[in-house]
Amino acid sequence: MELGLVGLGKMGGNMRERIRRAGHTVIGYDRNRDLADVHSLKELVDGLQGPRVVWVMVPAGAATQSTIDELAELLSPGDVVVDGGNSRWTDDEKHAEELKAKGIGFVDCGVSGGVWGLENGYALMYGGDAEDVAKVQPIFDALKPEGDFGSVHAGKVGAGHFAKMVHNGIEYAMMQAYAEGWELLEKVDSVTDVREVFRSWQEGTVIRSWLLDLAVNALDDDEHLDGLRGFAADSGEGRWTVEAAIDNAVPLPAITASLFARFASRQEDSPQMKMIAALRNQFGGHAVETKK
């Protein structure tokens, strides 16, 4: 089939290549003219035969909104827009209603796979009406990993991005657990080869995973991670997961703690730890460190 793909960055560019390898035609647009096949959304839409499918792979928020607004004026009834970025599920509901008013379908799709997706395939979680999903199905089949698993029609509009949001929240907690275990192993004198301990866990243990494999790769590159600063950003999906948990009264202590740990990483001199140090000094006479 034919696909219009908007956004050809690290993910979008590799997705274009994987879809083409499966025998489909992809017309790609990106603001970077060196990456693009066409140089406007109008040119992209005009190059596709109806019913058209246009996949949007741009940053969540304003960039996605403006792209969908422009496509709404260019596409025709029966066409479908897929949002494959990391949009919030509540935005999906809004976009679906806006496009429905013009007879245009909408599918939201959470995509996982990162820079490895080109070769390994992308895990896909999508939401929308069955009729709209069917128009995109050949592309889903091209992107997914080989085998019976790796893609799911999660439910109605918003379900795909909600599922991907929860996936990312779990990812936060898993990474935090590996990080905490690594720090503790590095701290003690009795363990002399932390990297090989991590490597030994890759086979036969209940904590083996792709994230563990990636941790070993990182330790192979820099055994004690001396070249890295202890700073970790958050994409927003961890926050959304915690907010959804509050809205639905679902306890998420591990995921919430992992998000707050990332916030702590941004503090060169933690104000909270200042208060804790002061209190320990006040009630127990514990030593405090002063600024030099």
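Among contacts in the protein between residues at least 6 apart in sequence, 65% join residues at least 24 apart, a contact being heavy atoms within 4.5 Å. The model is predicted, with local features requiring pLDDT of at least 70 and side-chain atom pairs pLDDT 80 or more, while totals for chains, interfaces and linings use all residues. Residues are numbered from 1 along each chain as its sequence is written, and side-chain values use heavy atoms, leaving out hydrogens and water.

The secondary structure of the protein comprises twelve helices and seven strands; these are DSSP runs numbered from the N terminus, helices being H or I of at least four residues and strands E of at least two. Along the principal axes, the C-alpha atoms fill a box of roughly 75 × 40 × 35 Å. Of the 292 residues, 40% count as buried, where buried means under 20% relative accessible area, exposed over 50% and partly exposed in between, with a 1.4 Å probe and protein chains only.

Strand β1 (residues 2–6) is largely enclosed by the rest of the structure, because four of its five residues are buried. β1 pairs with β2 in the parallel sense over five bridges; pairing requires that DSSP find at least two bridges between two strands. Gly4 stands opposite Ile27 in β2.

Helix packing is considered next. Two packed helices are described by the angle between their axes and the distance between the axes. The axes of α1 and helix α6 (residues 130–143) come within 9 Å and cross at roughly 100 degrees. Such axes are lines fitted to C-alpha atoms, for helices over the stretch in contact, with angles from 0 to 180 degrees between N-to-C directions. α1 is therefore roughly perpendicular to α6, the classes being roughly parallel under 35 degrees, roughly antiparallel over 145, roughly perpendicular from 65 to 115 and oblique for the rest. Met15, Arg18 and Ile19 of α1 make the contact with Ile139, Ala142 and Leu143 of α6. These residues divide into five nonpolar, no polar and one charged; Ala, Val, Leu, Ile, Met, Phe, Trp, Tyr, Cys and Pro count as nonpolar, Asp, Glu, Lys and Arg as charged, and the others, Gly among them, as polar.

The whole structure contains 16 salt bridges, each defined as a side-chain nitrogen of Lys or Arg within 4 Å of a carboxyl oxygen of Asp or Glu. In one of them, the closest N and O atoms of Arg20 and Asp37 are 2.9 Å apart. Arg20 lies in helix α1 (residues 10–21) and Asp37 in the loop between β2 (25–29) and α2 (41–46), so this pair ties together parts that are 17 residues apart in sequence. Arg20 is partly exposed at 33% relative accessibility, and Asp37 is partly exposed at 35%.

Arg88 and Glu243 form another salt bridge, at 3.0 Å from N to O. This pair links distant parts of the chain, 155 residues apart, with Arg88 in the loop between β4 (80–83) and α4 (89–100) and Glu243 in helix α10 (residues 237–247). A further salt bridge joins Arg195 and Glu196 at 3.7 Å, N to O. Through shared partners, salt bridges connect Arg195, Glu196, Arg199, Asp220 and Glu223 into one network.

The backbone geometry remains. Most residues other than glycine have a negative phi, and most peptide bonds are trans. A cis peptide bond joins Gly50 and Pro51, with omega about -10 degrees, and Pro51 lies in the loop between α2 and β3 (53–56). Leu225 has a positive phi, near 55 degrees, and lies in the loop between α9 (210–221) and α10.
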